[in-house]
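Open the model in your viewer and keep the selection panel at hand.

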Amino acid sequence: MILDACCGPKMMYKGLHRQFTQDEIIFMDIRKGIFPLDKWNVPPVIVEPDIIADIHHLPFRDSIFSLILFDPPHGSFGVEAYFGAKYGGLTPKEYVSLLIWANIEFARVLTPDGYVFAKIHETQERHTRAVHNFSNFKLLMDISYRSQARKNTSETSTHWLVFVKKSADTLSKADGSDTPKHPDQKRPRQLSRQEPAQPVTSLSDFSYP
Ligand SMILES: C[S@@+](CC[C@H](N)C(=O)[O-])C[C@H]1O[C@@H](n2cnc3c(N)ncnc32)[C@H](O)[C@@H]1O
């Protein structure tokens, strides 16, 4: 079974995901709804996950996924920026927190031979942080390409990283006893059952408490 942990509008599938059932791939995101992009004269973004949840608290039992797809927000853009409105945004602090808990939660829900396929947009040292913080995994591949995201923006790099889960006796656990100490290590509160029913209309609606 595959988990797309932050599926957003599922742009990267170009429709291919429709051939898979929910027994094969689960789409998750922290938000759900229709997000207007009128300002840029493009159609709205539709985010329609199977499950609304936060990577900090994956609502799954241990060892059930063989592959996790991980494409976190590209930068700390606000909703006033195109990428922020379309894909969400994380401050550098939120980004590190997400990586620290993704490292723990992904290792927990992955099977022993499971792996993570991560797409990291290289802004604000995000690539370095991702590689550094994924201590429960060994980096197998790092494929990058340079692109010009939109007109009048500077060139950026995108990395496609394949991480393989390390053996069980070396994994960091969620109780924190063997996780590296870090100021952003504290796990944010879990989404309550009522929260997911409300589609977010601004990025601050799903920033971390
Ligand atoms: C770059 S977009 C994903 C784009 C997607 N891969 C696609 O093909 O369209 C990042 C997504 O991560 C989601 N996200 C941000 N923080 C999250 C979290 N803590 N848990 C789950 N999803 C999160 C955002 O809502 C956003 O939809």
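This is a predicted model: local features need pLDDT of at least 70, side-chain atom pairs count only at pLDDT 80 or more; totals for chains, interfaces and linings use all residues.

**The overall fold**

Now show the whole protein as a cartoon. The secondary structure amounts to 3 helices and 9 strands. Read from the N terminus, the order of elements is β-β-β-β-β-β-α-α-β-α-β-β. Of the 209 residues in the protein, 32% are buried. Take the contacts between residues at least 6 apart in sequence: 64% of them join residues at least 24 apart.

Colour by pLDDT next. The mean for the protein is 82, and 78% of its residues reach 70 or more. Then select residues 196–209, where pLDDT stays under 50. For this stretch the model has 24 contacts beyond four places in sequence.

**The nonpolar core**

Select Ala5, Met28, Ile68, Phe70, Leu99 and Val116 and show their side chains. These are the residues with the most contacts inside the largest nonpolar core, which has 37 residues. Two or more core residues come from each of strand S2 (25–29), strand S6 (65–70), helix H2 (92–109), strand S7 (110–122) and strand S9 (155–165). Which of these elements gives the most to the core? Helix H2 does, with 10 residues.

Centre the view on Val116. Leaving aside residues up to four places away in sequence, Val116 touches Ile68, Phe70, Phe106, Phe137 and Phe163.

**Strand pairing at S6**

S1 and S6 run parallel and are joined by 3 bridges. Within S6, Ile68 stands opposite Leu3, and Ile68 is also one of the residues with the most contacts inside the core.

Select Phe70 and look across to S7, where its bridge partner is Ala118. Phe70 is also among the residues that Val116 touches.

**Strand S3**

Move to Ile34, in strand S3 (residues 33–35). Is Ile34 buried or exposed? Ile34 counts as exposed because 12 other C-beta atoms lie within 10 Å, and a residue with 12 or fewer falls in that class. Not counting residues up to four places away in sequence, Ile34 touches Pro44 and Ile46.

Most residues other than glycine have a negative phi. Two stops go against that pattern.

The first stop is Lys10, in the loop between S1 and S2. Its phi is positive, about 60 degrees, although Lys10 is not a glycine. Lys10 is partly exposed, with 18 other C-beta atoms within 10 Å.

Then go to Ser63, in the loop between strand S5 (51–52) and S6. Ser63 also is not a glycine, and its phi is positive at about 50 degrees. With 14 C-beta neighbours inside 10 Å, Ser63 is likewise partly exposed.

Key: Residues are numbered from 1 along each chain as its sequence is written. A nonpolar core is a set of buried Ala, Val, Leu, Ile, Met, Phe, Trp, Tyr and Cys residues joined through C-beta atoms within 7 Å. A residue is buried if 20 or more other C-beta atoms lie within 10 Å of its own, exposed if 12 or fewer, and partly exposed in between; C-beta atoms are placed from the backbone. Helices (H or I, at least four residues) and strands (E, at least two) are DSSP runs, numbered from the N terminus. Two residues are in contact if their C-beta atoms, placed from the backbone, lie within 7 Å. pLDDT is the predictor's confidence in each residue, from 0 to 100. Two strands pair if DSSP finds at least two bridges between them.
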